[in-house]
Amino acid sequence: MIQKKKLSNLQEKDISVASIDIGTNSTHLLIAEINSDLKSFSIKFTDKSTTRLGERDEEGNLTEESIKRVLKTLKRFKEYCKSNGVNQIVTAATSAVREAPNGRDFLNRVQSDLDIQIELISGSEEARLIYLGVLSGMVLEDKTYVIIDIGGGSTELILADQKDAIALTSSRVGAVRLKNDFFLDNEPINRERSNFLRTFIQGSLEPSIEKIKRRLQRGKTVSMIATSGTAISLGNLILSDLEQPKQKMHGYKFKKENLEIVLEKLIKMPTSEIKKIPSLSERRSEIIIPGALILKTSMEMLNFNQLTISERALREGLVVDWMLRQGIIKNEFNIQSNIRKTTILHQARKFGVDKERSEKVTNIAFQIYDQTKNIFHGDTDSKAKDLLWAACNLYDCGKYVNISSYHKHSWYLIKNCELLGYSQSETNSIASIVRYHRKTLPKKRHESWQSLISKEDKTLVLEMSLILRLAASLDQRPENVLSSIKIKLLNNIIEIELIPLKSNQDLLLEKWSLELCSKVVKELKNLELKVV
């Protein structure tokens, strides 16, 4: 996308980049902080305004009212960028502008009035940027994915894996376009009209669907990812319908049958009642049914019974694309290969965690983990070890809030921060491992314990928090005094030998602190702890 100004020094450790997405329904701003060492970015600030640029006159031109709304929004966004020390602004205008006869005039007006140069992107380029955005926020397994982004004026469908985009498509059917063309205010949708809309959507999506199907490899596992406002809003409605506790939508999975139930309820509701739904803004309430129809039809045509939500899409993709252009990252796979590591290190840095001490605790924790298989834990696929690593790097981040009861503050910060690449259940597990690494063991009334849904998650948390408890108890000094530890199981006694870096090193503090864990070891594993 067009660069607003050149950077004087790309070797700076932190660079602030803003991305602006001018869509059919809304105009969005994202300000990201890029860490050139980690070759990643974190989101500092977001804002959006419902500018309704898709409202056109009889000739298909952008209306003066909608243009003024965008200009007003962009002026505010530019001020945000200035006050946040943004080094670079990248922009994109999508279907509303590229299809309007006066689209170019609009871009020139923005340039002359606000000195913001906007790149008008094609449908396939929009799809590519959406793919980059999803890559930056989710770990894609070794399989193929169909990514769907339902915008106001178009729907992008992408066939991709963790290394490359295989097919990039864009269809001229979107939630705002469908609403403007076929929905009348307060007019309910009967079965006949619903069938007509479904047929229309199928016809609009068919070229994209056929291209996706042609490029699918036989025998390859395929999953679906849905991005942006429509999917997130529907996810929140499904969550509420299932009476599940509120959670972050990034990584949330729902089934087609859940979508169908919510859609049936929405269709039967008067528009005035839909507008009263707390999780929907007024504008989103007007286009939620068209958006849901597009999503449901897409799932049917591609034979998907479940999808996963990604909160990252075009805006984040603009940032990734800029990083690629500047050589900060070499290719798309660089984003995927270290996504979990970089997001944990980002959060640790943000909360002022002592890197050297967290590395020391991690080293001790892994020694305990490796030597206590089938004693303290039964982890066979290293999933628990990965979550233990994350917990070791963030276990004392709560000191950023207050040293007193910092494990509780750490739980809250981890549960509510952005841990990219981790599912909601994994995030809850990491937070709970940290919560129970000191003081009391879990109680049924604890919110942190209630957030763990499955029995497997609770077992994992108990086992890994015990390991973290022992490792953290040995971190009693700023400097490292331990060379290694050796663990033996003798009948019902677990013996831990502390080996100092220097032969004359007194480990009295470490021995005393570790012995305080005896009660928990006895309660959880029915073993006596002996420190040598």
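Me: Ala, Val, Leu, Ile, Met, Phe, Trp, Tyr, Cys and Pro count as nonpolar, Asp, Glu, Lys and Arg as charged, and the others, Gly among them, as polar. How does the lining of the largest cavity divide by class?

Reply: It has 2 nonpolar, 6 polar and 2 charged residues. A cavity is a set of 1 Å grid points, over the protein atoms alone, where a 1.4 Å probe fits but cannot get out; lining residues have an atom within 4 Å of a point. The model is predicted: local features need pLDDT of at least 70, side-chain atom pairs 80 or more, while totals for chains, interfaces and linings use all residues. Numbering runs from 1 along each chain as its sequence is written, and side-chain values use heavy atoms, without hydrogens or water.

Me: Which residues line that largest cavity?

Reply: Ser 40, Phe 41, Ser 42, Arg 312, Thr 342, Thr 343, His 346, Gln 347, Glu 418 and Leu 420.

Me: And what lines the second largest cavity?

Reply: Among others, Lys 360, Ile 364, Asp 475, Arg 477, Asn 480 and Glu 510. The classes there are 4 nonpolar, 2 polar and 5 charged.

Me: New topic. How many residues line the second largest pocket?

Reply: 24 residues line that pocket. A pocket is an open set of points with protein on both sides within 12 Å along at least five of seven lines.

Me: Which of them lie nearest its centre?

Reply: Gln 247, Tyr 252, Gln 424, Ser 425 and Ile 453.

Me: How many polar residues are in that pocket's lining?

Reply: 11 are polar, alongside 7 nonpolar and 6 charged.
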